[in-house]
Structures are given as C-alpha cells and as structure tokens.
Amino acid sequence: MTNLDEYRKEIDEIDTKIITLYEARMEVVKKVIAYKLENNIPVLDSSRETKMLDNNLTKLKNEEFKKYYKDVLDGFLKASKTMQSDILKNSN
C-alpha cells in the first residue's frame, strides 16, 4: 500500500468517527428544538452562535486550521438551524 492509500484510509477512519459524533450532535439539536417549542423560544440565537464559534475556535491548537474549522462550524450551525426549522414547520 502506498503512503497515499494509507493516508486516505486514515482519513476514512477519522470521517467515520466524525459521523458518529455528528449524529450525536444532531440528536441533541432535536432535544434543543423540543425545549424551544415547549418554551416559545426562537430558533435563532445569535449570541449563542457567537459564543459557540469563539469557544470552539479557541480550542484549536493549530492556528493554521482556524479559518478552515470556522467553515466546519458554520456548516454545523446551518444544518442545525435547518433541521430545527424543518421540525418547527412539521409541528404546526
């Protein structure tokens, strides 16, 4: 096996772990929307988003990756908000 094949295999293994964590994250998002529905809280919470982004970006040890990881976090936020909006539409 070439180094490239080994690197790709390693990426595939990491991606599998990310998928597991992503599914766990989205299950918690479902709990958040249920809470918001019960308590008449709006889906969008800009201050929470800002805190989450800032908090997670400060955890990165490698400064080089920050701008790229922000894109990942933005994707998580977009997916979470979209799912919450879909759940809201289906609850009416």
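Here is a short chat about a predicted model of a helical protein.

Student: Hi! What secondary structure does the protein have, helices or strands?
Tutor: Hello! This is a predicted model, and the protein in it has three helices and zero strands. Read along the sequence, the pattern is α-α-α.

Student: And is it compact or spread out?
Tutor: Spread out: the protein is more so than a compact globule, because its radius of gyration is 17 Å, well over the 12 Å that the globule rule gives for 92 residues. The C-alpha trace spans about 55 × 25 × 15 Å along the principal axes.

Student: How much of it is buried?
Tutor: Of the 92 residues, 17% count as buried. The accessible surface of the protein comes to about 7500 Å², and carbon and sulfur atoms hold 56% of that surface.

Student: How about charge? How many positive and negative side chains are there?
Tutor: There are 17 positive and 17 negative side chains. The centres of the two sets lie 6 Å apart.

Student: Let's go through the helices. Where does α1 run, and what is its reach?
Tutor: Helix α1 covers residues 3-38, which is 36 residues. From its first C-alpha to its last it reaches 53 Å, close to the 52 Å expected at 1.5 Å a residue.

Student: Which residues of α1 are buried?
Tutor: Those are M26, V29, I33 and K36. As for the spacing, an α-helix has 3.6 residues a turn, so residues three or four places apart point the same way.

Student: Nice. What covers them?
Tutor: The cover for the buried residues of α1 includes α3, residues 66-91.

Student: Then tell me about α3. How many residues does it have, and which are buried?
Tutor: α3 has 26 residues and reaches 37 Å from first C-alpha to last, close to the 38 Å expected at 1.5 Å a residue. Its buried residues are L73, F76, L77, S80, M83 and Q84. They pack against α1 and α2.

Student: We skipped α2. Where is E49, and is it buried or exposed?
Tutor: E49 is found in helix α2, residues 46-59. E49 is buried because its relative accessible area is 17%, and buried means under 20%.

Student: A glutamate! What is E49 in contact with?
Tutor: Leaving aside neighbours within four places in sequence, E49 is in contact with L44, L77 and K81. Of those, L77 is one of the buried residues of α3.

Student: Changing topic: what follows α1?
Tutor: N40 does, with a positive phi near 50°. N40 sits in the loop between α1 and α2.

Student: Is N40 buried or exposed?
Tutor: N40 counts as exposed, because its relative accessibility is 73% and the cut-off for exposed is over 50%.

Student: One more residue: where is D12, and how accessible is it?
Tutor: D12 is in helix α1. At 48% relative accessibility, D12 counts as partly exposed.

Student: How far is D12 from A79?
Tutor: In space they are 22 Å apart, C-alpha to C-alpha, and in sequence they are 67 residues apart.

Student: And for the protein overall, what share of contacts joins residues 24 or more positions apart?
Tutor: Among contacts with a separation of 6 or more, 64% are between residues 24 or more positions apart.

Note on methods. Residues are numbered from 1 along each chain as its sequence is written. This is a predicted model: local features need pLDDT of at least 70, side-chain atom pairs count only at pLDDT 80 or more; totals for chains, interfaces and linings use all residues. Side-chain values use heavy atoms; hydrogens and water are left out. Helices (H or I, at least four residues) and strands (E, at least two) are DSSP runs, numbered from the N terminus. The radius of gyration is taken over C-alpha atoms; the globule rule is 2.2 Å times the number of residues to the power 0.38. Buried means under 20% relative accessible area, exposed over 50%, partly exposed in between (1.4 Å probe, protein chains only). Contact means heavy atoms within 4.5 Å. Accessible areas come from the Shrake-Rupley method with a 1.4 Å probe; for residues, only the protein chains shown count as cover. Lys and Arg count as positive and Asp and Glu as negative; His and the chain ends are not counted. The place of a charge is taken as NZ of Lys, CZ of Arg, CG of Asp or CD of Glu. The expected span of a helix is 1.5 Å times one less than its number of residues.
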